[in-house]
Amino acid sequence: MVVTPICNFCAKTGVLCKKCKQKLRKNKITQLDVDVSKAFAKAEQRFPKQLQSVILDRSHNLNNSIVLLAQNGKAILDNPAIKEFIESEIRNPIEIIERKADTRRTFTDFFSPLDIVEIDQIFVPPEGDVELKITLRGNLEAHRFPLDQIRQIAELISKNPVRIEIKNLME
Ligand SMILES: [Zn+2]
């Protein structure tokens, strides 16, 4: 069964239980997560087999599209009918970012064909919040997203503020 940021029952009925309402109020999830979860619950009724192993982690509004961070998201990419169905439900084009077992592997995959040179953790005063400074090497134009969107998606993946630096291949 497809797993979404809200519980299955809430995704199906569209009415949020106490627990999910609280998650929303505490900003652990967003209204967009709720809307996307409902779209997935509907899609699952039509495509139960294809979506059974999909785990939807988070969603993010990126200019004119909605970025979805998902495990086994390939199931959606491989099937244009599912992608179209979800896009028509949320009335926006979607981009799927594949979530791997850990953040490092998710980054490696997502940044490709750019290489990760290093990832530094910067502690920002006064609270000591962690910001990531990610240094990448390669041809930025070869990536499917522009730099600012790469940064936004990196923030979606890590849940931290992200700064990105690009080194050219020659450096
Ligand atoms: Zn719920």
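Helix α7 (residues 103–111) packs against helix α8 (residues 147–158) at an angle of about 160°, and their axes lie 10 Å apart. Axes here are lines fitted to C-alpha atoms, for helices over the stretch in contact, and angles run from 0 to 180 degrees between N-to-C directions. The angle therefore makes α7 roughly antiparallel to α8 (over 145 degrees; under 35 counts as roughly parallel, 65 to 115 as roughly perpendicular and the rest as oblique). The crossing of the two helices, α7 and α8, is right-handed, that is, the near helix is turned clockwise from the far one by less than a right angle. Helices are DSSP runs of H or I with at least four residues, strands are runs of E with at least two, and both are numbered from the N terminus.

The model is predicted; local features need pLDDT of at least 70, side-chain atom pairs count only at pLDDT 80 or more, and totals for chains, interfaces and linings use all residues. Residues are numbered from 1 along each chain as its sequence is written.

On the α7 side, the contact is formed by Thr103, Thr106, Phe107 and Phe110, and on the α8 side by Ile153, Ile157 and Ser158. Residues are in contact if their C-beta atoms, placed from the backbone, lie within 7 Å. By class, four residues of the α7–α8 contact are nonpolar, three are polar and none is charged (nonpolar: Ala, Val, Leu, Ile, Met, Phe, Trp, Tyr, Cys and Pro; charged: Asp, Glu, Lys and Arg; polar: the others, Gly among them).

Threonine 106, located in helix α7, counts as buried because it has 20 C-beta neighbours inside 10 Å (buried, 20 or more other C-beta atoms within 10 Å of its own; exposed, 12 or fewer; partly exposed, in between). Apart from neighbours within four places in sequence, threonine 106 is in contact with Arg99, Lys100 and Ile157. Its C-alpha lies 10.0 Å from that of glutamine 71, a residue 35 positions away in sequence.

Glutamine 71 of β2 is the bridge partner of isoleucine 55. Strands β1 and β2 (residues 65–71) pair in the antiparallel sense over seven bridges, where pairing requires at least two DSSP bridges between two strands. Helix α3 (residues 31–46) lies across β1 and β2 and runs at about 125° to β1. Helix α8 packs on the sheet, where it touches β1, β2 and β3, and its direction makes about 145° with that of β1.

The sheet is open, with three strands in the order β1-β2-β3 and mixed pairing. Its edge strands, β1 (55–62) and β3 (94–98), each pair on one side only. Neighbouring strands of this sheet are turned against each other by 25° on average, direction ignored.

Notes. Two residues are in contact if their C-beta atoms, placed from the backbone, lie within 7 Å.
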